[in-house]
Amino acid sequence: HIQIVEVKTDKEIDEDGNWTRKTIAGPIADYCAVQGWTFKVIANSWLKKQQILVERWLPIIRCLQHHKELITDQQEITLLTQLNAVSHYQLQDVINPMDRKNSLPMEIALYRLALRGQISLDIQHTALSPQSRIMLQ
């Protein structure tokens, strides 16, 4: 499926996320529909937010890739059970920054659960830090 995306400044996008110059957007969207494509207009600020989020996920993904052979089934169960009993944890409650080697299986379990969407990491507004919140989804 092909999707054509037009990036516009925030001034050109209304509060519903639609391009304000509909006289141009209509014919473009119609042409794309005839071709079997989807036409979408997004705000530059939204794209920038996504870029920042990707940059925050990158070290997590690299860590997961580096430790892909590590088995963390038990740590995942433990973490989910513990999170079920509280509203949230902070990253420092799970990963000991003074003993990363011994807390590595729990760190990888945490990242795997986050990647699968079973827990959420508070990285929307700030980078991952010892104070980052961890919650069940």
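Glutamate 107 and arginine 100 are joined by a salt bridge in which the closest N and O atoms are 2.7 Å apart, the term salt bridge being used for a side-chain nitrogen of Lys or Arg within 4 Å of a carboxyl oxygen of Asp or Glu. The structure is a predicted model, in which local features need pLDDT of at least 70 and side-chain atom pairs count only at pLDDT 80 or more, while totals for chains, interfaces and linings use all residues. Residues are numbered from 1 along each chain as its sequence is written, and side-chain values use heavy atoms, with hydrogens and water left out. Side chains of opposite charge can pair when their charged atoms come close. Glutamate 107 counts as buried because its relative accessibility is 3%, whereas arginine 100, at 44%, is partly exposed; here buried means under 20% relative accessible area, exposed means over 50%, and partly exposed lies in between (1.4 Å probe, protein chains only).

A search of the whole structure finds three salt bridges. One of them joins arginine 116 to glutamate 76, with the closest N and O atoms 2.3 Å apart. This pair links distant parts of the chain, since arginine 116 lies in the loop between α5 and β4 and glutamate 76 lies in helix α3, 40 residues apart; helices (H or I, at least four residues) and strands (E, at least two) are DSSP runs, numbered from the N terminus. Arginine 116 is partly exposed, with a relative accessibility of 48%, whereas glutamate 76 is buried, with a relative accessible area of 8%. When neighbours within four places in sequence are left aside, glutamate 76 is in contact with Ala109, Arg112, Leu113 and Arg116, where contact means heavy atoms within 4.5 Å. Another salt bridge brings together the side chains of lysine 8 and glutamate 6, at 3.1 Å from N to O. Of these two residues, lysine 8 counts as buried at 14% relative accessibility, and glutamate 6 is partly exposed at 27%.

The protein chain contains five helices and five strands, which follow the pattern β-α-β-α-α-β-α-α-β-β when read along the sequence. The radius of gyration of the chain is 20 Å, well over the 14 Å that the globule rule gives for 137 residues, so the chain is more spread out than a compact globule; this radius is taken over C-alpha atoms, and the rule is 2.2 Å times the number of residues to the power 0.38. Along the principal axes, the C-alpha atoms fill a box of roughly 60 × 30 × 25 Å. Of the 137 residues, 28% count as buried. Among contacts between residues at least 6 apart in sequence, 67% join residues at least 24 apart.

The largest nonpolar core has 20 residues, of which Leu79, Val94, Leu110, Tyr111, Ile119, Leu121 and Ile134 touch the most other members. A nonpolar core is a set of buried Ala, Val, Leu, Ile, Met, Phe, Trp, Tyr and Cys residues joined through side-chain atoms within 4.5 Å. At least two residues of this core come from each of α2 (44-66), α3 (73-85), α4 (91-94), α5 (100-115) and β4 (119-121), and the largest share, six residues, is supplied by α5. Not counting residues up to four places away in sequence, isoleucine 119 touches Leu79, Leu80, Leu83, Leu110, Leu113, Ala114, Ile134, Met135, Leu136 and Gln137. Apart from this core lies another, of six residues, including Ala25, Cys32, Val41 and Ala43.

Val5, Val7, Trp46 and Leu47 make a nonpolar surface patch of about 320 Å². Patches are made of residues with over 30% relative accessible area and no salt bridge, with like charges joined within 9 Å and nonpolar side chains (Val, Leu, Ile, Met, Phe, Trp, Tyr) within 5 Å. Both β1 (3-8) and α2 supply at least two residues of the nonpolar patch. Leucine 47, which is found in helix α2, is partly exposed, with a relative accessible area of 35%. Asparagine 84, in helix α3, counts as exposed at 61% relative accessibility. Between asparagine 84 and methionine 135 the separation is 51 residues in sequence and 8.7 Å in space, C-alpha to C-alpha.

Terms used: Areas by Shrake-Rupley, 256 points an atom, 1.4 Å probe, with all protein chains shown as cover.
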